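This report describes some helices of one model and the residues between them. Please look at the structure below before reading on.

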Amino acid sequence: MSDLDSHYKPSNFSDKVALSFTKFLRFLADTFFKKRYGHRAVVLETVAAVPGMVAGMLIHLKSLRKMEDDKGWIKTLLDEAENERMHLMTFIHIAKPTFIERIVIMIAQLIFIVTYAIIYIVSQRTAHRIVGYFEEEAVRSYTEYLHELEAGKIKDQPAPEVAINYWNLPLHATLKDVVKVIRDDEAGHRDVNHSFANVIDERKTKETNNTKEKQITTKENLGGNN
Ligand SMILES: [Fe+2]
Ligand SMILES: [Fe+2]
């Protein structure tokens, strides 16, 4: 299991933008949902299942255009989207969205698909960093949810059957167990997306170094010919 409290310290301007964007959305979510954790989970999981699918599709199309191997990224991202959708399928048994929330879900999906696709096309590394930071917040929110359940402020209840089957939980599992396994999933997505952003950085550094080396070699060769 990955370290639950792990936080990636922003290392450049793009990371700071990603973190500020995340904190702004966190503020909106906190203001809108307050302590209604079940409703919060339903609405936010409809958004969380978008980036993996959008990113997976864009890399898939790029792989076709460039006839290049994807190094397993597409499957990882589509699995992430599927896993997030299962979070939604679980929480829909815990909280039923209100009419206003259903409208928010539809508008948010429309805006988020377009926004995330644009960010991904403009800066793939920033897009993965944003998801990394979103997932840090998701881990935090599920920890708060768990504390409320443990303190008895929110009534615990039997785990939905869909969750027992998906995570192979014991038959007597409760919502607390479900929140724990979902939080582990979020920590996993956090680490994958931060590492994808890091891999893109490393690739760029390598490419820049290779170009510099080539330029130096060319200059040396030209110097030798004169
Ligand atoms: Fe999730
Ligand atoms: Fe997530």
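Helix α1 passes α6 in a right-handed crossing (the near helix is turned clockwise from the far one by less than a right angle). The two pack at an angle of about 40°, with their axes 9 Å apart. The model is predicted, and local features need pLDDT of at least 70, side-chain atom pairs pLDDT 80 or more, while totals for chains, interfaces and linings use all residues. Residues are numbered from 1 along each chain as its sequence is written, and chains are lettered from A and ligands numbered from 1 in the order in which they are written.

Helices are DSSP runs of H or I with at least four residues, numbered from the N terminus. Those named here have these ranges:

| Helix | Residues |
|---|---|
| α1 | 13-33 |
| α2 | 37-48 |
| α3 | 50-66 |
| α4 | 73-91 |
| α5 | 99-122 |
| α6 | 124-150 |

Just after α3, Met67 takes a positive phi of about 50°.

Tyr116 is found in helix α5. Is Tyr116 buried or exposed? Tyr116 has 20 other C-beta atoms within 10 Å, so it is buried (20 or more count as buried, 12 or fewer as exposed, with C-beta atoms placed from the backbone). Val50 and Val54, among the buried residues of α3, are also among the residues that Tyr116 touches (C-beta atoms within 7 Å).

Technical notes. The expected span of a helix is 1.5 Å times one less than its number of residues. Two residues are in contact if their C-beta atoms, placed from the backbone, lie within 7 Å. Axes are lines fitted to C-alpha atoms, for helices over the stretch in contact, and angles run from 0 to 180 degrees between N-to-C directions. Lists of a residue's contacts leave out its neighbours within four places in sequence.
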